[in-house]
Amino acid sequence: MLHIVNHPLITMKLNMMRDQKTSSKDFRTLLDEISSLMTYEVFKDLKLHATGEKLNTPTGCEIDKLRLDYNIVIVPILRAGIGMSNGVVNMLPTARIGHIGLYRDEKTLKPVEYFCKLPKVENPLLLVCDPMLATGGSATDAITMIKAKGYKNIRLMCLVGAPEGVKKVEEAHPDVDIYLASLDEKLNEKGYILPGLGDAGDRIFGTL
Ligand code: PRP
Ligand code: URA
């Protein structure tokens, strides 16, 4: 299912990221901040349970120590997804981090895989992160790679998506919830999202 995370703070920061004059430093900061803000929405349905341990408050009360139902695993798609992992980790300091290496061949627009390393944890909930969901090929393949390693409980968080990309992921992985800060209009002839952000990896890492 598609979820648009609609909040004026996110929309304002995303609007600043769209500006071609925004520097790599500011682009990274804004991406980091939006990723933190989106994390609230992505995990708002998670349940907490008592660990069985107690903790004492400074006011002399004893209460249950709580923990999340799942062990969160953040999975940035290299390279651009790395720009989101710090923002998520700031909200979830105990989260583990896996990595998937994919790049989109500039001619065919098809994803090419080069890396996959995922932590083994009990009861995992994986959050795949990538700022851009364009044709959807990279996210679809990344999720297929993750499922092939036996993981089932997966969510996808992107900043900007195109309708084509959303459709592709939904068709290939109907069990995966997709979270976007914006559903943009369309792709151009080179597979870039319009109005979009341009090449997110290049803007994050200054490789323009
Ligand atoms: C970008 C982006 C996504 C992918 C989206 O990565 O970060 O991973 O393209 O396009 P798609 O939905 O059409 O597959 P890119 O391939 O440019 O690699 P990079 O992150 O290393 O720059
Ligand atoms: N990858 C990007 O970085 N930007 C787009 O608009 C599409 C794919």
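This is a predicted model: local features need pLDDT of at least 70, side-chain atom pairs count only at pLDDT 80 or more; totals for chains, interfaces and linings use all residues.

Residues are numbered from 1 along each chain as its sequence is written, chains are lettered from A and ligands numbered from 1 in the order in which they are written, and side-chain values use heavy atoms, with hydrogens and water left out.

**Ligand 1**

- Around ligand 1 there are 15 residues, of which Arg104, Asp130, Thr135, Gly136 and Ser138 come nearest; a residue is counted as near a molecule or strand if one of its heavy atoms lies within 4 Å of it.
- Sorted by class, this shell holds six nonpolar, five polar and four charged residues, where Ala, Val, Leu, Ile, Met, Phe, Trp, Tyr, Cys and Pro count as nonpolar, Asp, Glu, Lys and Arg as charged, and the others, Gly among them, as polar.
- An N or O atom in the side chain of Arg79 is 2.9 Å from an oxygen atom of ligand 1, and oxygen atoms of the ligand also lie 3.0 Å from a backbone N or O atom of Ala80 and 2.9 Å from a backbone N or O atom of Ala134. A polar contact is a pair of N or O atoms within 3.5 Å; within protein, one must be able to donate a hydrogen and the other to accept it, and residues adjacent in sequence count only if both atoms are side-chain atoms.
- On its own ligand 1 has 500 Å² of accessible area, and the protein covers 91% of that; such areas come from the Shrake-Rupley method with a 1.4 Å probe, and for residues only the protein chains shown count as cover.
- The elements that give two or more residues to the shell around ligand 1 are β6 (99–104), β9 (132–133) and α4 (137–148); helices (H or I, at least four residues) and strands (E, at least two) are DSSP runs, numbered from the N terminus.

**Ligand 2**

- The residues surrounding ligand 2 include Arg104, Met132, Tyr192 and Asp199, and by class its shell has five nonpolar, two polar and two charged residues.
- A backbone N or O atom of Ile193 lies 2.8 Å from an oxygen atom of ligand 2, a polar backbone atom of Gly198 is 2.8 Å from a nitrogen atom of the ligand, and a polar backbone atom of Ala200 is 2.9 Å from an oxygen atom of the ligand.
- Taken alone, ligand 2 exposes 240 Å², and the protein buries 88% of that area.

**An aromatic pair**

- The count comes to one aromatic pair, under a rule by which rings of Phe, Tyr and Trp (its six-membered ring) pair if their centres lie within 6.5 Å, with planes under 30 degrees apart counted as stacked, over 60 as edge-to-face and the rest as tilted.
- The rings of Tyr103 and Tyr114 have centres 6.1 Å apart and planes at 35°, so this pair is tilted.
- Tyr103 is in strand β6 and Tyr114 in strand β7 (residues 111–117), 11 residues apart, and the pair links distant parts of the chain.

**Backbone features**

- Most residues other than glycine have a negative phi, and most peptide bonds are trans.
- The peptide bond from Leu78 to Arg79 is cis, with omega near -5°, and Arg79 is found in the loop between β4 (71–78) and α3 (82–91).
- The bond from Leu194 to Pro195 is also cis, with omega near 0°, and Pro195 lies in the loop between β13 (193–194) and α6 (200–205).
- Leu109, a residue other than glycine, has a positive phi near 65°, and its place is in the loop between β6 and β7.
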